[in-house]
Amino acid sequence: MIPFVRDLEFQYGRCDWVSPLIRRVIADNPGPFTYLGTGTYIVGQGEVAVIDPGPDLPAHLDALLAAIGDERVTHILVTHDHADHSPLAAALSAATGARVWGRSRRTVTQAAGFDDDHDEAFRPDFEVRDGELFDGPGWTLEAVPTPGHTSNHVAYALRQENALFSGDHIMGWSTTVISPPDGNMADYFASLERVKARGFSTLWPTHGPPITEPQPFIEAYIAHRKAREAQVLASLAQGPTTIRAMVPVLYAAVDPRLHPAAAHSLLGHVVQLVDEGRVISDGPPGVEATLRLA
């Protein structure tokens with residue numbers, strides 16, 4: 001079972017020091033995909049980096065600018081281009097003069113019917129390279145590409161605290177949605193293994209509280225995905241069926257508002273199983289496609 005962490009003391013718009021080098025401001029955009037809201041991180045003092053500016057909310061921009069004060073923003077770093085992470089980057093860049101780093105998406109369109117929309121206007125000033133370093137007085141951030149949730153997802157490691165800003169790749173409050181065609185389950189498993197191998201002391205997701213025991217948490221995350229894969233195969237062992245029919249059974253304990261996202265995560269598993277030759281789909285894999293064991 002995943003040891004979720006969900007308790008967090010905060011106020012919207014308030015800037016909280018959460019470690020010697022990290023401040024966090026949470027946007028007022030709670031929801032079934034964003035939990036309490038988007039947590040924007042400010043790293044360093046004097047010359048700072050901002051990670052995941054968040055949704056295009058004027059109140060959140062005002063809160064970030066108040067938290068930064070007369071400090072200089074040297075880098076705006078984006079984990080991926082979902083609408084709760086990247087849209088405010090342009091306004092923050094205009095207000096501070098800082099440039100935006102991130103990764104462009106590999107695919108053009110998101111799967112239909114999924115609520116966690118891409119920010120179609122997102123265009124980073126610079127494409128982040130694997131292992132690229134960003135630094136300021138007393139801090140160094142390293143780009144750690146973590147595709148899976150999206151093709152362009154990248155996390156950022158803070159070397160001085162052996163911490164990782166994990167975006168939506170690993171979250172303490174929930175599992176992560178892997179929604180094809182841009183999301184890819186095989187990539188996601190590989191990215192989980194990459195983060196696990198680094199041995200970070202703390203993970204700072206964009207939504208929710210930090211994960212302070214990353215190794216057992218990541219192991220539980222992987223085990224959960226493998227168990228879900230086994231459930232898909234067990235369902236298909238009973239005969240041909242569809243993802244649409246599997247969701248209410250496999251996700252009976254999950255908030256029904258999340259069932260569309262669950263369907264797309266199941267699709268992520270199915271696409272991987274089809275690619276591996278373990279499952280056959282009548283036509284392209286999709287929520288309504290009839291599936292059977294190979």
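These legends describe a predicted model of one protein chain, from the whole chain down to single elements.

**View 1. The whole chain.** The protein chain has six helices and 14 strands. Its C-alpha atoms fill a box of roughly 65 × 35 × 35 Å along the principal axes. A compact globule of 294 residues would have a radius of gyration near 19 Å, and the protein chain agrees, because its own value is 19 Å. Of the 294 residues, 56% count as buried. Residues 24 or more positions apart account for 62% of the contacts with a separation of 6 or more.

**View 2. Confidence along the chain.** The average pLDDT of the protein chain is 94. A score of at least 70 is reached by 96% of the residues. Residues 110-115 stay under 50 in pLDDT. For this stretch the model has 19 contacts beyond four places in sequence.

**View 3. The seven-stranded sheet.** Seven strands form an open sheet. Their order is β1-β2-β3-β4-β5-β6-β7, and the pairing is mixed. Strands β1 (15-17) and β7 (126-127) stand at the edges. Each has a single partner strand, so one side of each is left without a neighbour in the sheet.

**View 4. Where β6 meets β7.** Strand β6 covers residues 100-102. Two bridges join β6 to β7, and the two strands run parallel. G102 stands opposite E127 in β7. Strands of a sheet pair through backbone hydrogen bonds, either parallel or antiparallel.

**View 5. Two helices on the sheet.** Helix α1 (residues 58-68) packs on the sheet. Helix α1 touches β1, β2 (22-26), β3 (39-43), β4 (47-51) and β5 (72-77). The direction of α1 makes about 155° with that of β2. Helix α2 (residues 89-96) also packs on the sheet. Helix α2 touches β4, β5 and β6. The direction of α2 makes about 160° with that of β5.

**View 6. The buried side of helix α5.** Helix α5 spans residues 243-250. Its buried residues are I243, M246, V247 and L250. These residues cover an arc of only 110° around the axis, which puts them on the same side of α5. What covers them? Among the elements that do so are helix α4 (214-237), helix α6 (259-275) and strand β14 (291-293).

Terms used. Residues are numbered from 1 along each chain as its sequence is written. This is a predicted model: local features need pLDDT of at least 70, side-chain atom pairs count only at pLDDT 80 or more; totals for chains, interfaces and linings use all residues. Side-chain values use heavy atoms; hydrogens and water are left out. Buried means under 20% relative accessible area, exposed over 50%, partly exposed in between (1.4 Å probe, protein chains only). Helices (H or I, at least four residues) and strands (E, at least two) are DSSP runs, numbered from the N terminus. The arc is that of the directions from the helix axis to the C-beta atoms. Contact means heavy atoms within 4.5 Å. pLDDT is the predictor's confidence in each residue, from 0 to 100. Two strands pair if DSSP finds at least two bridges between them. Axes are lines fitted to C-alpha atoms, for helices over the stretch in contact, and angles run from 0 to 180 degrees between N-to-C directions. The radius of gyration is taken over C-alpha atoms; the globule rule is 2.2 Å times the number of residues to the power 0.38.
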